[in-house]
Every structure is written in C-alpha cells, then in structure tokens.
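Hello,

Here is the structure for you to look at. My notes on what turned up follow below.

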Number of protein chains: 2
Amino acid sequence: MEFTQERTEDGVTRRSFELTVAGQIVPAVIWAPAGARGPRPLVLMGHGGSQHKKTPTLSARARQYARRLGYATLAIDAPGHGDRISREEAVTLAREVGARVRGEAPAGFTSDRLRQMGERTRAAVPEWNAALEAALSFDFVGQGPPIGYWGVSMGTAIGVPFVAQQPRITAAVFGLGGLREGDAAFEAAARAIRIPIEFVFQWDDAVAPRERGVALFEAFGSREKSMHVNPAGHMDIPDFEAASWERFFARHLGPVEASASLHAAAG
Amino acid sequence: MEFTQERTEDGVTRRSFELTVAGQIVPAVIWAPAGARGPRPLVLMGHGGSQHKKTPTLSARARQYARRLGYATLAIDAPGHGDRISREEAVTLAREVGARVRGEAPAGFTSDRLRQMGERTRAAVPEWNAALEAALSFDFVGQGPPIGYWGVSMGTAIGVPFVAQQPRITAAVFGLGGLREGDAAFEAAARAIRIPIEFVFQWDDAVAPRERGVALFEAFGSREKSMHVNPAGHMDIPDFEAASWERFFARHLGPVEASASLHAAAG
C-alpha cells in the first residue's frame with residue numbers, strides 16, 4: 001500500500017491512500033501520532049451524509065485521539081461522497097441534506113431513498129472491510145489491535161451493518177439514527193451486534209424520530225449499551241458527548257502501551 | 001455547630017453533626033479532605049429508599065470526591081430512615097423496598113404511598129435547606145461555594161422539589177425516577193429546574209416505568225440535560241455512570257483552587 005500524501009502537523013501524521021473495491025476507487029485517510037511505530041488501538045470513523053473523510057469535526061477528533069491516546073484513526077469517503085463526487089455535486093448534496101436536518105425538507109424515507117441508502121450501504125460494507133485490512137498492514141497499527149467504530153447519522157446507517165459483520169471491532173459509538181420501517185436487514189444487523197455500544201441521540205432530531213431511535217437502542221443485542229439523550233436537533237450534540245466518546249474508546253480499547261506489550265507477548 | 005464525631009481515614013475526614021428542624025433531630029454527616037481549610041465545591045447526596053446517610057456506595061463516592069477532586073460532600077438521613085428509625089424498622093424497610101425494586105412486590109403508587117411520599121418530601125426539603133446552611137458555616141466549605149446535588153430513586157423524589165426551591169445549587173444528578181400521576185407538585189418542581197442535569201435511567205426498572213422516566217426528563221426546564229439509559233434493573237446502574245457523575249460535577253463545580261481564588265477575590 002502506497003501513500004498518496006503524507007502530512008505532519010502538531011505531532012500528528014495524516015496519510016492518504018486509495019483502495020479499489022468492486023471497480024470503485026475508495027479514498028482513505030489514516031491519522032497516527034508522528035513517528036508512531038508498533039501496534040496501537042485503531043478507531044474507524046464513518047462520516048455523516050454530505051460530509052467526507054476529512055470533515056472538520058472528524059479530523060479534529062482523529063488528531064485528538066492521536067495526541068491524547070496515541071491511537072490511529074481511519075476514515076474513508078462513503079459512496080457518493082467526498083472525492084468520489086465533483087465539487088458541484090458536493091454542494092448540491094450539502095444543500096439537500098442540510099435542508100432535511102434543519103427540518104426544512106421532508107426527512108421521511110420514501111421507497112426511493114430507502115433503496116438508495118440500501119445500495120450505498122451494500123457498497124460501503126466491503127469498502128470498510130478492505131480499508132480495515134489495509135490499515136492492519138501498516139506497522140504503526142499492527143495486525144491485531146483493539147478496534148473501535150464511530151459513526152452517527154449516515155455513519156450509523158452504514159456502520160450498523162458494517163460492525164455487525166466485522167468481528168474485529170470490539171466497541172462502537174452510534175447515534176442520530178433509528179430503525180426504519182421496511183428495512184429488516186438493518187434491524188437484523190442491530191440485533192446481531194453484541195459489543196459495547198454508546199448511542200447518542202438528539203430528542204428533537206428532524207431526521208431521526210424519538211420512537212425510532214429508542215427502537216434502535218432496544219434492538220442492539222449488546223449487554224452493555226448506553227443511550228445518551230440530549231435536547232435539540234441533529235446538529236446540536238453537546239461537546240461533553242465528544243468527551244464521553246473519547247473515554248468510551250479509552251475504556252474499551254485500552255492504552256497503547258498495554259496493546260504493544262500484548263503484541264510482543266503474543267509474537 | 002458541634003461535631004458529635006470526627007473520623008479520619010485514608011486522607012478523608014468524616015464529621016457527624018445533628019440539626020433540629022421542626023422538632024425533629026436530623027443526623028447529618030460531611031466528608032472533606034483531611035486538613036482541608038477554605039472554600040471548596042460541595043456536593044449534597046440524597047440516599048435511596050431504605051438506605052441512609054452513610055450507605056456504602058454514597059460513602060465511597062464522598063471519599064472519592066474528597067480524594068480526587070478535593071470536594072466536600074454532605075448527606076443527611078431522610079425522614080423515616082437511618083438513625084431516625086430503629087434497627088428493626090430499618091430491616092423491615094429494607095425488605096419492603098428490596099421486594100419492590102426486584103419486582104417481587106407491586107411498585108405502583110397507591111394513593112397511600114403517594115401521600116406518604118408527599119409528607120416525607122415536605123419534611124425533607126426544609127431539613128436539606130437547614131443542613132446546607134449549617135455546612136456553609138464550616139471553614140472547609142466556605143459561604144458561597146459551587147454546590148451540586150446527587151440523588152437517585154428516593155434521592156430524586158426528594159431531590160427534585162428540594163433543588164427546585166434551592167437557588168444555591170448549580171448542577172444536579174437525578175435518576176431512577178419518573179413523573180407520577182396525581183403528583184402535580186413534583187411535575188411543577190421538575191419544570192422549575194433550570195440548572196444542568198444528568199439523569200440516569202434503567203430501562204428495565206421495576207419501580208420507574210420507561211414512559212414516566214422519559215416524561216420526567218422532558219419535564220426538566222434545563223437547557224442542558226442528558227438522559228443516560230442503560231439496560232437492566234433498579235440496582236444495576238453500570239460503574240461507568242458513576243465515573244460520568246464525577247466528571248459532570250468536576251465540569252460544573254470546577255476545581256478547588258478556582259473556587260478558593262474566587263472567594264478571595266469576592267472577599
């Protein structure tokens with residue numbers, strides 16, 4: 001795997017690479033502490049609808065995890081997002097998604113949108129699997145690190161089916177999503193998940209109605225699962241939830257040192 | 001105010017004292033770092049039904065807040081609890097409450113129980129006010145420290161009306177409770193609360209049905225309020241929620257140093 005770009009800033013190195021999955025080029029990016037070598041926990045971050053792999057909140061979190069926890073973070077552009085579409089298409093997409101999350105356009109799932117999201121998810125799952133395999137070949141990740149997944153909104157719509165079939169992942173943050181009528185595959189995926197979950201939900205979300213969010217929380221097959229409900233809309237997750245996600249991953253993925261010694265002992 | 005007992009263990013001093021409120025003797029206890037002087041944040045902790053002011057989980061949290069945050073913690077025996085009843089009465093009470101929280105006895109609110117709880121709350125609120133005033137006279141607390149309240153289950157039944165009328169309190173943890181039909185005063189108190197709230201709730205609680213817990217969360221008048229939902233019953237709050245309460249208080253009440261300099265500047 002060759003890196004197409006490598007850039008170090010404030011003690012964190014961001015490396016870009018590309019995968020080809022089912023004939024599609026999938027742009028990927030991975031952050032790690034500058035000069036990192038040897039195994040460390042890895043967090044996969046799935047961006048939201050109309051966002052991309054280096055969207056500012058995601059980048060900021062990846063840099064923070066590298067600096068404060070020593071972790072690596074992997075992100076890819078979802079189908080129809082980021083570098084996989086033109087700048088003009090991205091602007092149109094941002095406008096459409098923005099109108100839905102602000103409650104200015106209907107957020108219901110027409111059968112067309114449901115089919116489109118199903119197709120996107122079916123494409124995204126093998127892309128995530130391939131990106132994860134690629135990351136495990138990097139010496140600063142190692143082959144068997146503890147792995148977490150973070151993704152809200154579209155990151156949950158894609159993440160739940162992805163995590164359900166990916167046994168390497170041991171803890172996940174989901175949110176801003178719910179069970180959708182007519183999507184039995186999504187519900188089955190939620191029920192198949194057994195790992196610890198932190199599920200963040202906005203009580204006045206224009207795109208994820210309360211009862212559907214609660215139904216998704218109930219569907220997760222995990223023994224350890226926490227639902228954090230806050231007031232206000234889709235874009236209003238309070239900052240203290242981001243702090244909670246960091247502690248959730250620190251608790252479940254552990255420190256870099258322990259992971260490194262584990263690797264040495266196993267080798 | 002004279003202390004009836006003073007005991008230092010592992011760097012934390014626990015002092016006992018008594019108040020007389022409306023002809024009733026109210027036993028109180030306050031924890032602080034050993035040798036503490038000068039103002040510091042204060043947490044008031046309301047115990048649960050059948051428990052008492054030094055119940056083990058509460059004591060452990062008070063000691064931890066003293067050691068890790070430098071805080072003081074105040075607790076009192078609720079009416080009909082702790083040193084205010086005989087050992088035999090306490091055993092009977094623990095059996096009755098235990099049967100309800102384990103789902104072995106009906107947990108619904110008969111009009112008799114609702115009246116009894118109303119009376120208990122009406123007695124407890126002035127007792128808490130008096131205990132707080134007493135604590136503010138101690139030199140290791142100071143007269144204007146940041147003040148939090150923690151109480152779940154009965155600690156919420158009493159705590160919501162108490163906090164609603166006590167302007168000194170600036171952050172509160174509630175939980176394991178809900179709106180009760182026929183108790184308009186409790187609902188009005190919840191609506192009057194405007195301070196940041198962390199509300200912990202167990203999804204399979206035999207004594208607090210889901211829809212009532214959600215209704216209480218919705219009733220709080222606070223702009224910042226988080227509901228943390230976890231699976232399982234009344235006694236099964238996960239340990240990571242206790243860690244979350246500590247961070248919640250640390251975030252809202254601040255460090256001891258800042259509080260001390262604030263006091264000096266104001267003085």
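**Contact between the chains**

A:Arg210 and B:Glu218 form a salt bridge, with their closest N and O atoms 2.5 Å apart. Please keep in mind that this is a predicted model. Between chain B and chain A the count is two salt bridges, and nine residue pairs are in polar contact, both residues at pLDDT 80 or more. On the side of chain B that touches chain A, helix H6 (210-219), S9 and H7 each supply at least two residues. S9(B) gives the most there, with six residues. By class, this side of chain B has seven nonpolar, three polar and eight charged residues.

The contact takes 18 residues from chain A and 18 residues from chain B. The area buried between the two chains is about 1500 Å², and carbon and sulfur atoms give 56% of that area.

**Cavities**

Searching the whole structure gives four cavities of 30 Å³ or more. The largest cavity has a volume of about 90 Å³. Residues of both chains line the largest cavity, among them A:His228, A:Phe240 and A:Arg247 from chain A, and B:Glu198, B:His228 and B:Arg251 from chain B.

Which elements each supply at least two residues of that lining? They are helix H7 (239-253) of chain A, and strand S9 (225-230) and helix H7 (239-253) of chain B. H7(A) gives the most to the lining, with four residues. The lining of the largest cavity divides into one nonpolar, five polar and five charged residues.

Regards

Methods. Residues numbered from 1 in each chain as written. Chains lettered and ligands numbered in written order. Predicted model: local features only at pLDDT ≥ 70, side-chain atom pairs only at ≥ 80, totals over all residues. Heavy atoms only, no water. 1 Å grid on protein atoms, 1.4 Å probe; cavity = no way out; pocket = protein on both sides within 12 Å on 5 of 7 lines; lining within 4 Å. Points joined across faces, edges and corners; volume = space filled by probe spheres on them. Nonpolar A, V, L, I, M, F, W, Y, C, P; charged D, E, K, R; others polar. Contact = heavy atoms within 4.5 Å. Buried area = accessible area lost by both parts, 1.4 Å probe. Salt bridge = Lys/Arg side-chain N within 4 Å of Asp/Glu carboxyl O. Polar contact = N/O pair within 3.5 Å; in protein donor to acceptor, adjacent residues only side chain to side chain.
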